[in-house]
Amino acid sequence: MFTCYRPNFIYDGGYMRKKLLVIGCGYLGYHIANYSYNNKLDITVIGRTSDYVMRLNKNVRFIEAEISEATTLLSQELDSNTIVVYAVGSINATNSFDDLAEDLMDTYLPFVKLLNICAENNVKKFVFLSSAGTVYGDSHENLSETHCLQPINIYGLQKVYFENLLKIKNIESNLPYLVLRISNPYGGYQSPRKKQGIIPILFQKAAKGEILNLWTDINTTRDYIYIDDFMEIFARLVTYNENDVINIGSGMGTSLAEVIGIIENVTGKKIEIQFNTKLNMLNIKSNVLNISKMTRVTHFESITPIDKGIFKTYQEYYEKEWV
C-alpha cells in the first residue's frame, strides 16, 4: 500500500513549475528535494519513511512506497515535463555477495520496469545518482569519466549495471539520461540511525568518547564533496540537455588520518582508534576524481575545502543533532 503525505503544489504565482520526481528519500534524496523546491521546482518524493522524511519542506509531496511498489503508480506522475532522479540506496559497500539474490528481486527488476515506464511516458530526463567511490575501483590517478570501471563490491557492481541499462534504454527508446558519479558527499543533516558516511560516524565517536574500530588502512584516500557544493552543482546540471556521464567531486584527495585530525581539531576531542589486524580486502585504498568535465559544464569552481566544510557541519549540526 502507498501512503501520500502533503498536497502537490504544481502552480507557483500563476506559472507551472518544472516537475522533479525523486525516487528515494535518503541522505541525497532528501537534500535534493528540499534544495530543488527552493529553486522553483515542483517536487514529489517516493520512498521509504525515514528520519529524512520528517525534515522535508512542508510543500514537498511525499509518497511512502517501496521501489518495487512505486513502479505501479508512476504512470500517474510522469509526463514530458518530468525529470526523474533515482536516489535509491538499497545496499551499500558493506553488503556481501549473499545479499545479491534479494537485491535482484527488490531493486534490479523494479529498476528495469522503471526505465520502461519512464520511456513510455516520454520523461524529460532520467538522472541516475551513481557512485564514483565504487564504480572505478582502486586507483592512484585522478579518475576521469573514461577510466575503466572496476567495481570490487556488489554496491559498485549494481551502479555499473544500472548505468549500462540506462545507456541501452537510451539507444532503444531514446530515453534522455544523465549519470552523476558522485564522490563522498558530507555535511548537512545525516541521520544518526544510518551508520553511513565516515564523517558523521567520527563526530559521534568524538561526542560519546567511543572507540573507532578501524577495518581499513588509516591512509585510505577519498574525494570528499561538501553537500552545499553538490547541491549547487546538481542544480546547474539538472536541466543539462546532453546524454552524459559526469564526475561530481572536489578533485582533491584526503586521507582518513587527515579527516580524523580535522574532526579532533574542530571538536577538541581525541578519537581513540582500535586497529584491526585483519583488514577488509574490499576496501578501496585510493579514489580521487578528475572533475574537469564537471567544471567545464557547470562553471562551478568554488569547491569548499574539507576543513571548512567539516567546521560548518560542526557549527550547524554537531551539538544539535549528534550529541
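The structure is a predicted model, in which local features need pLDDT of at least 70 and side-chain atom pairs count only at pLDDT 80 or more, while totals for chains, interfaces and linings use all residues. Residues are numbered from 1 along each chain as its sequence is written, and side-chain values use heavy atoms, with hydrogens and water left out.

Starting with the big picture, the protein has 10 helices and 16 strands. Here helices (H or I, at least four residues) and strands (E, at least two) are DSSP runs, numbered from the N terminus. Of the 323 residues in the protein, 53% are buried. Buried stands for under 20% relative accessible area, exposed for over 50%, and partly exposed for what lies in between (1.4 Å probe, protein chains only). The accessible surface of the protein is about 15,200 Å², and carbon and sulfur atoms hold 49% of that; such areas come from the Shrake-Rupley method with a 1.4 Å probe, and for residues only the protein chains shown count as cover.

Next come the helix pairs. Two packed helices are described by the angle between their axes and the distance between the axes. Axes are lines fitted to C-alpha atoms, for helices over the stretch in contact, and angles run from 0 to 180 degrees between N-to-C directions. Helix α3 (residues 100-120) and helix α5 (residues 154-173) pack with their axes 11 Å apart, at an angle of about 25°. That makes α3 and α5 roughly parallel to each other, given that angles under 35 degrees count as roughly parallel, over 145 as roughly antiparallel, 65 to 115 as roughly perpendicular and the rest as oblique. The crossing of α3 past α5 is right-handed; a crossing gets that name if the near helix is turned clockwise from the far one, and is left-handed if the turn is anticlockwise, by less than a right angle. On the α3 side the contact includes L100, Y108, F111 and L115, and on the α5 side it includes I154, Y161, F162 and L165. By class, the residues of this contact of α3 with α5 come to 12 nonpolar, four polar and two charged. In that scheme Ala, Val, Leu, Ile, Met, Phe, Trp, Tyr, Cys and Pro count as nonpolar, Asp, Glu, Lys and Arg as charged, and the others, Gly among them, as polar.

Helix α3 also holds M105. With a relative accessible area of 56%, M105 is exposed. M105 and S68 are 37 residues apart in sequence, and their C-alpha atoms are 8.6 Å apart in space.

A second pair is helix α1 (residues 27-38) with helix α7 (residues 227-237), whose axes come within 10 Å and cross at roughly 60°. α1 and α7 are therefore oblique to each other, and α1 passes α7 in a right-handed crossing. Y27, L28, H31, I32, Y35 and S36 of α1 touch I227, F230, M231, E232, F234 and A235 of α7. This contact of α1 with α7 has nine nonpolar, two polar and one charged residues.

In helix α6 (residues 198-208), the buried residues are I199, P200, L202, F203, Q204, A206 and A207. After α6 comes G209, with a positive phi near 65°.

Turning to strands, T221 sits in β12 (residues 221-226) and S255 in β14 (residues 253-255). Both are buried, T221 with a relative accessible area of 18% and S255 with 10%. Leaving aside neighbours within four places in sequence, T221 is in contact with G253, T254, S255, K285, S286, N287 and V288. On the same terms, S255 is in contact with I218, N219, T220 and T221.

Finally, some loop residues. Most residues other than glycine have a negative phi, and most peptide bonds are trans. N174, not a glycine, has a positive phi of about 60°; N174 lies in the loop between α5 and β9 (177-182) and is exposed at 60% relative accessibility. H299, also not a glycine, has a positive phi of about 60°. H299 belongs to the loop between α9 (292-298) and α10 (306-322) and is exposed, with a relative accessible area of 62%. V53, in the loop between β5 (41-47) and β6 (61-64), is buried, with a relative accessible area of 2%.

Definitions and conventions: Contact means heavy atoms within 4.5 Å.
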